[in-house]
Amino acid sequence: MSTQPPDRSGFPSYIARQDPDPQPQSGTPSAQPTSGPRPEHANGNGPNRFTETAARTQTWWREKLHHLSLHARVTLLAAVAVGLAVLLVSVSAYLTVRQQMYRNLDSSLIDRAGQAAKKGVLTNLANLQNIPPDALGLSDIQLGLYTADGQKLGAADSYLPPMGTAELAIAQGQGDEASVRTVGTSGGPHFRVVAVPAQYCPEPDRRGNCLVEYQPAALVVAQSLRPVDQTLHNLGVVLWAVGLLGVIGAALAGNAIAQSGLRPLARLTGAAEHVARTEELRPIPISGSDEISRLAQAFNAMLAALARSQDRQRRLVGDAGHELRTPLTSIRTNLDLLAQADKRGGLRPEDRQQLLDDVRAQMDELTNLIGDLTELARDTPQVRDAEQIELSNVVEDALIKVRRRAPGLDWDVQLTPFPVWGDERLLGRAVTNLLDNAAKYSTPEQPVAEGEPTGKVTVRLLDGVLTVTDSGPGIAEADLPHVFERFYRSSEARSLPGSGLGLAIVKHAAEQHGGMIYARNTVGGGAQFTLWLPHAATTGRG
């Protein structure tokens, strides 16, 4: 009996990648390093250094992305998203194909080796050593026997397949039904090695009959992985090329989408810069109904609100200048007359007192006008620092002030409690203006004789609705739509004191509190003003 020498195997320096990994034999101590540097993470510095590196990388990316334009971000996002998708699909496809090819190869090798082991042709030493593999249709593989006592037997004029602990375990009956692993030489070819249990005859006769008892062994079959590696290499090249083209296409598509999608935003930016540069509040044209169009609509709404605010400010300044000019001119004229009279010897005491009274009245009118202008110039959309107050108490306080200024009037008052959320000072000012307006038009122009009826003002507060009715001549139909406008005064009111801002302040207070105010004439004569405010339970602190 002859065996093939170990050096005929042709695998002098195999580096095994085993599936499953070969297990060390019992009793063999595992190699432990006795010297050399310890791993970096053994003392805790490794994870800390990794965390610091990750944090620095994240900070660097944030700084870079912060300086990128939105156009560049959209392009980068599209490229990264498609790149990740292509990478995921490519890796999944590559691993799936690789696993399937290895599975098919393993199944084929195990089936062929099992069939050969069952037929017993290759387990007969005479056949194995004298019959070339080409004659058995096994020219694409290498085969050999690995006996239980460690002998390696191979076919004539051929290299032995790699044999190791995994194949020895199969020969000794310690492993599974078959072992499969990948073995490769350093810088050389790779082989898929399969070992299946077999029985071999150590002493056959010339006819192939075994003269002694069959002994356990492992039939080892190895096939080169060069075709599989070449196929996987080509597949990897194709996947990388397709992925690269996909990323480039996604970047180009993202760039085109960013250009077309951000074009309306660029126009909106240009319009905002034009407004900031020229202060021209002209709206920009809008086309479409996407998010950018909604942003443009909101921008146009903001421009319209700003234009209305500017218009109100201009009208307020213009009207205020006109109204302030009148009392200031009168005060200056009276003071000039007083100075000229003093140079000529002075005025009579009664004339001097009349002139000073006129100056004092103009100063009072100027003070009231400045207060009203200050109130209207705030132009706030809603009441700030609102609190819950009792509207009936506000009306009672206002009645006390107005009754003191108009003692000759008959006041018919009926109030019921009604809580509201709001500014007590502003509501008090509005209610006082309503009562002052009613008292002014209800007071007779000529003194009445004793016993004759005087003017009457009716005040009702029921369920949050305050109505103030005077006994005056009423409001002309042409003046009704304009009574709440700033500085508007009807022809009948021009001879009466006032700035024309009292009812405008009432409307301003009602709107700030979420209410409303309107005026009408009563059937029996006189004007009636109705102020409605919402209940505190329906508005809350908002």
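Guide: The account below turns to helix α2 and then to the rest of the chain. This is a predicted model, in which local features need pLDDT of at least 70 and side-chain atom pairs count only at pLDDT 80 or more, while totals for chains, interfaces and linings use all residues. Residues are numbered from 1 along each chain as its sequence is written, and side-chain values use heavy atoms, with hydrogens and water left out.

Helix α2 covers residues 70-119. Helices (H or I, at least four residues) and strands (E, at least two) are DSSP runs, numbered from the N terminus. The UniProt annotation "transmembrane region", from an unreviewed entry, covers residues 74-97 and also residues 237-258. UniProt positions are given in the numbering used here, feature names are shortened, and such annotations may be inferred rather than shown by experiment. In the model, residues 74-97 are 100% helix and 0% strand, and their end C-alpha atoms lie 34 Å apart. Residues 237-258 are likewise 100% helix and 0% strand, with 31 Å between the end C-alpha atoms.

A nonpolar patch on the surface is formed by Leu68, Leu76, Val80, Leu84, Leu87, Val91, Leu95 and Trp240. Together these residues have about 750 Å² of accessible area. Helix α2 supplies the largest share of the patch, six residues. Patches are made of residues with over 30% relative accessible area and no salt bridge; like charges are joined within 9 Å, and nonpolar side chains (Val, Leu, Ile, Met, Phe, Trp, Tyr) within 5 Å. Accessible areas come from the Shrake-Rupley method with a 1.4 Å probe, and for residues only the protein chains shown count as cover. Leu84 counts as exposed because its relative accessibility is 54%. The terms are set as follows: buried means under 20% relative accessible area, exposed over 50%, and partly exposed in between (1.4 Å probe, protein chains only).

Asp106 forms a salt bridge with Arg192, and the closest N and O atoms are 2.7 Å apart. Asp106 counts as buried because its relative accessibility is 13%, and Arg192 counts as buried because its value is 5%. A salt bridge here is a side-chain nitrogen of Lys or Arg within 4 Å of a carboxyl oxygen of Asp or Glu. By this rule the count comes to seven salt bridges.

Another of these pairs is Arg181 with Glu167, at 2.9 Å from N to O. This pair links distant parts of the chain, with Arg181 in strand β4 (residues 179-185) and Glu167 in helix α4 (residues 165-171), 14 residues apart. Both Arg181 and Glu167 are buried. Arg425 and Asp423 meet in a salt bridge at 3.7 Å, N to O. Arg425 is partly exposed, with a relative accessible area of 40%, and Asp423 is partly exposed at 21%. Salt bridges that share partners join Arg348, Glu350 and Asp351 into one network.

Helix α6 (residues 291-343) contains Leu335 and also Asn334. Leu335 counts as partly exposed at 43% relative accessibility, whereas Asn334 counts as buried at 8%. Leaving aside neighbours within four places in sequence, Asn334 is in contact (heavy atoms within 4.5 Å) with Leu355, Asp358 and Val359. The C-alpha atoms of Leu335 and Leu355, 20 residues apart along the chain, are separated by 8.5 Å.

For the chain, the secondary structure comes to eleven helices and 13 strands. Buried residues make up 34% of its 542 residues. Among contacts between residues at least 6 apart in sequence, 67% join residues at least 24 apart.

Confidence is given as pLDDT, the predictor's confidence in each residue, from 0 to 100. The chain has a mean pLDDT of 76, and 73% of its residues reach 70 or more. Confidence is lowest in strand β1 (residues 14-19), at a mean of 37, and highest in strand β11 (residues 465-469), at 94. Over residues 1-44, pLDDT stays under 50.
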